[in-house]
Structure formats: C-alpha cells, structure tokens
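These are my notebook entries on one structure, written down in the order in which I looked things up.

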Amino acid sequence: MLAITNCSQILTLRGPARARGGAEMRDLGIIENGTILVDDEQITAAGAALKIPRGAEVIDAGGRVAMPGFVDAHTHPVFAGSRADEFEQRVAGASYAEIAARGGGIRSTVRKTRAATEQQLFEVASRHARLFLRCGTTTIEAKSGYGLTMNDELKQLRVIRRLDAEGLIRAVPTFLGAHEVPDEYRGRTREYVELVVREMLPRVAEQSLAEYCDVFCEPGIFGVLETRLILQAARSLGLGIRMHVDQLSDSNGAALAAELQAATADHLECTDSAGIAALREAGVQPVLLPGATYMLPSDAYPDARSMIDDGLPLVLATDFNPGSSPTPSMTMILSIAATQMRVLSSEAITATTVNAAYSLNRGDRIGTLEAGKLADIVIHDVPDYRELAYVFGIEHAWRVFLGGRLVFSRE
Ligand code: NIG
Ligand code: FE
C-alpha cells in the first residue's frame, strides 16, 4: 500500500470513459489538498479526506501537483546517431526536404540504425526511456521506421517490445516500414511498397510485434495510393492505423485517414478546414506535433484552436525523433502549444493524458487517476498545474511512479 498525501492539486482527469473534446478538455477533475491511495500497481482511491490505511508507505507530496503520467502517442525512439549537423544546416537556411533530397534526413539515420546491433539499439532506446520518465512521461507509442529492411525493422520492433517487457516504460509498438524509400529502392517506390505489403507486414503480424501500422504519406515519399494500399493490408492483418499526413504539404491526407477510419491522423500542419471536418465526421483523433514545427524551423503550426473548438478529441505528442523533433519533453510541448497555438494548459494536459491513452486503445488502464487505473503517477514540483507550461525550459517532474513503482526521483 502506498499513500501519496498533501497534493496541492490532483489532476484526476475523471469523467466519461472516452476521449474528450471542446469544453470538456478544460475540465481536469481537480481535487485540492488531496491524497492518492495505491495498492500494488493500481489506484484504489483519490480524494480530499481519505483515511490512510495502517501500514501504508506514505509519500508526502509537500504541496505539489500530482497527475497521470504523460502518454506520448507519437515517438520514434529507436535509432542510432544524431543529426545535430542537419539542425545547424536548417538554422542556416536549408529546408528539411532539401536535406532529405541529398541523402540526409531519415535515410541518414537509417544507415546508422542498420549498422547498429540489436543490443546497441536497446541501450540507446533505454536511455531514451529514462529521458521520457524524467520528463514525466510513463507511456510512449513507439515506431520502427529506421530499418527499412525486414530484419532491421523487426530488430527495432523487438527493442520496443523489450523496453515494455522489462518495465523500463510502457511502450505501444507501431510498424513504420513505410517511413521513407530506402537508398537501394530509390526510383522503385512501388517495389518497396510490395516488399512492405507482401513480406514485412505479414511477418510483423505473425510475430505480434506491432499493434499499429503507420505510413509517412507525403508527395514524393508515399503518395495517397501507396499509403492506402499499405494501410488496407495492415488493417486486414488486424493492425490499427496511424498516419503521418499533410506535414509538408496538403495532399488530402486527412481525408484519407477519414476514409480508412484510422485511429489517428498525425501532424496536419497543412490540412484545410474540409480535412478537419472529415476527421471529425469519421471519429479520427488528430495528433499534433508542434515540436516538429518549432524545430524545422517553421511558423506553420496546425490549427489546434479550431480542432478543439469543433469538438475533436485532440492529442498532443512530442514526435521524439533525431530529425524534426529531438525532444522527449512533454512540458516543452505544453509550452509551445500555449504560445504558438493558443492551447490552454488544461486542454493540453487532457490532450497528453486521457485523450492520448484512448488514441492508443489504453483508455481503460491509463490516462486518468481513478480507482482501478494503473498507478502511473507523476508529482511535479509546482504548486499549480499552470506552471508546467509557464515556467518553461526546465523539467518539473519530481517523483514518477510506473504501476506504483518509483522509477524516477529528483531532489
Ligand atoms: O514525424 N515526417 C516523418 N517522420 C518524422 C521525422 C523523422 C526524421 O526526420 O527522422 C516526423 O517528423
Ligand atoms: Fe513522426
């Protein structure tokens, strides 16, 4: 038994058992001066005047804020090497697409990731998992996509499975074999798509190595027709669908996500209002990644305000990856969302906890602090949740619990 006492605010996110849209996103279900009780890996109660069971281990939160661990619903955490050099080139004026066209970008990370052993990748990914925890993130959706051969994709997916199995972090695996056309298939995109559909996907499904399939849908990478082909095949093998769409141009990716009834449509920087309406009608959750806009650098932020006001159950995520968004920090995302997209802290916290959990089909286990949920709890060293985005550039997580187990502590 564990009792977390003296929380200035407990952000319970209690409410309907589904993702939230519109004004609902501003209701964090706050309990002031509260206590959370945990038995083994589950929450048994959260309330203001709870009796502390005899023999419970007491953690005094000291007037700090407790909330669910962040759920980061879009990350690329298994890769080798860094692309700090490309970031400098972008700052100096080169575009992400230009760098990619001359063999940099995703393909440069692919070369380094292929050269790494599974154990080396596991060590890098474990380091990334620790970074997520210290930022207050307890669940990540984790994509492959830097292997682009059968063996190198499976290698990445096994690393993701091991992160989760060894309890380093909760990780939901997504197969992203169609992240880029690899060097050896340049000019033969169609043949690479066949490899993904006929060989990689069936093997991934047979070995139960992924819950979702994702595609980078962008003119010049994988077009709408190729994306549809891959994702229909994934669906027929029982995988859920997530998509990178309309990031660098509007290619009607949102409409395709709606047509395919994807779980999520991610990025959406260039999506028009018809695209947003299509997502709403189809019940597809938008996943916005403002870290990628910030780092390109660009000022083309997606239209989060309309999405929230139109009632879409918005998700915000880091897009943690070595190119467009090398941050594991969800509080940084909250801050960028506030100043660049006018998203309130309450809305952003809903988008990065309960809404993100439902987008990963995990809403019954994580994302809120309610009795019966897993005790993925973060105590932040702030007296009021609005400080998370306001005091930016430092991490506020002070104690992090994963299933009731203390996995990060800072003093
Ligand atoms: O979500 N756009 C495609 N994929 C990633 C970038 C990956 C990379 O640059 O390595 C993204 O932004
Ligand atoms: Fe991404």
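Is Asp319 buried or exposed, and what is its relative accessible area? I kept in mind from the start that this is a predicted model. I found a relative accessible area of 2% for Asp319, and because buried means under 20%, Asp319 counts as buried.

**Entry: Asp319 and its backbone**

I looked up the place of Asp319 and found this residue in the loop between E12 and H12. I then turned to its backbone, where phi is near 65°, a positive value in a residue other than glycine. I noted this angle because most residues other than glycine have a negative phi.

**Entry: the iron ion**

Which residues coordinate the iron ion (ligand 2)? I listed His74, His76 and His244, each through NE2, together with Asp319 through OD, at 2.1 to 2.3 Å. Reading along the sequence, I wrote the spacing of these donor residues as H-x1-H-x167-H-x74-D. The pair His76 and Asp319 links distant parts of the chain, being 243 residues apart. I placed His76 in the loop between strand E5 (70-75) and helix H1 (84-91), while Asp319 is in the loop between strand E12 (315-316) and helix H12 (330-341). I also checked how far these two are covered, and both His76 and Asp319 are buried.

**Entry: His244**

Which side chains make a polar contact of 3.0 Å with that of His244? One such contact joins the side chains of His244 and His74, and another of 3.0 Å joins those of His244 and Asp214.

**Entry: ligand 1**

How many residues surround ligand 1? I recorded 15, of which the closest are Arg83, Tyr96, Tyr146, Gln247 and Ser324. An oxygen atom of ligand 1 is 3.0 Å from an N or O atom in the side chain of His244, and an oxygen atom of ligand 1 is 2.8 Å from an N or O atom in the side chain of Asp319. For Gln247, I found a nitrogen atom of ligand 1 at 2.7 Å from an N or O atom in the side chain. Taken alone, ligand 1 exposes 320 Å², and the protein buries 100% of that. I also looked up where ligand 1 sits, and the place is the largest cavity.

**Entry: helix H12 and the residue after**

Which residues of H12 are buried? I wrote down Met330, Thr331, Ile333, Leu334, Ser335, Ile336, Ala337 and Met341. Just after H12, I came to Arg342, which takes a positive phi of about 60°.

I found another positive phi at Asn252, where the value is near 60° in a residue other than glycine. Asn252 lies in the loop between strand E9 (240-245) and helix H8 (253-259). I looked at peptide bonds as well, and I noted that a cis bond joins Leu296 and Pro297, with omega at about -15°. Pro297 has its place in the loop between helix H10 (290-295) and helix H11 (304-309). I kept this bond in my notes because most peptide bonds are trans.

**Entry: covered or open, and some distances**

I took Ala84 next, which is found in helix H1. Why does Ala84 count as partly exposed? Its relative accessibility is 47%, so Ala84 counts as partly exposed, since that class lies between 20% and 50%. The C-alpha atoms of Ala84 and Arg305 are separated by 32 Å, and these residues are 221 residues apart along the chain.

Ala142 lies in strand E6 (residues 137-143), and I noted that Ala142 is buried, with a relative accessible area of 0%. From Ala142 to Val204, 62 residues apart along the chain, the C-alpha atoms are separated by 15 Å.

Val378 and Arg134 are 244 residues apart in sequence, and I found them 9.7 Å apart in space, C-alpha to C-alpha.

Methods. Residues numbered from 1 in each chain as written. Chains lettered and ligands numbered in written order. Predicted model: local features only at pLDDT ≥ 70, side-chain atom pairs only at ≥ 80, totals over all residues. Heavy atoms only, no water. Donors = N, O, S within 2.8 Å, 3.2 Å for Na, K, Ca; no water. Helix = DSSP H or I, 4+ residues; strand = E, 2+ residues; numbered from the N terminus. Buried < 20%, exposed > 50% of the residue type's maximum accessible area, 1.4 Å probe, protein only. Near = heavy atom within 4 Å. Polar contact = N/O pair within 3.5 Å; in protein donor to acceptor, adjacent residues only side chain to side chain. Areas by Shrake-Rupley, 256 points an atom, 1.4 Å probe, with all protein chains shown as cover. 1 Å grid on protein atoms, 1.4 Å probe; cavity = no way out; pocket = protein on both sides within 12 Å on 5 of 7 lines; lining within 4 Å. Sits in = over half its atoms within 2 Å of the grid points.
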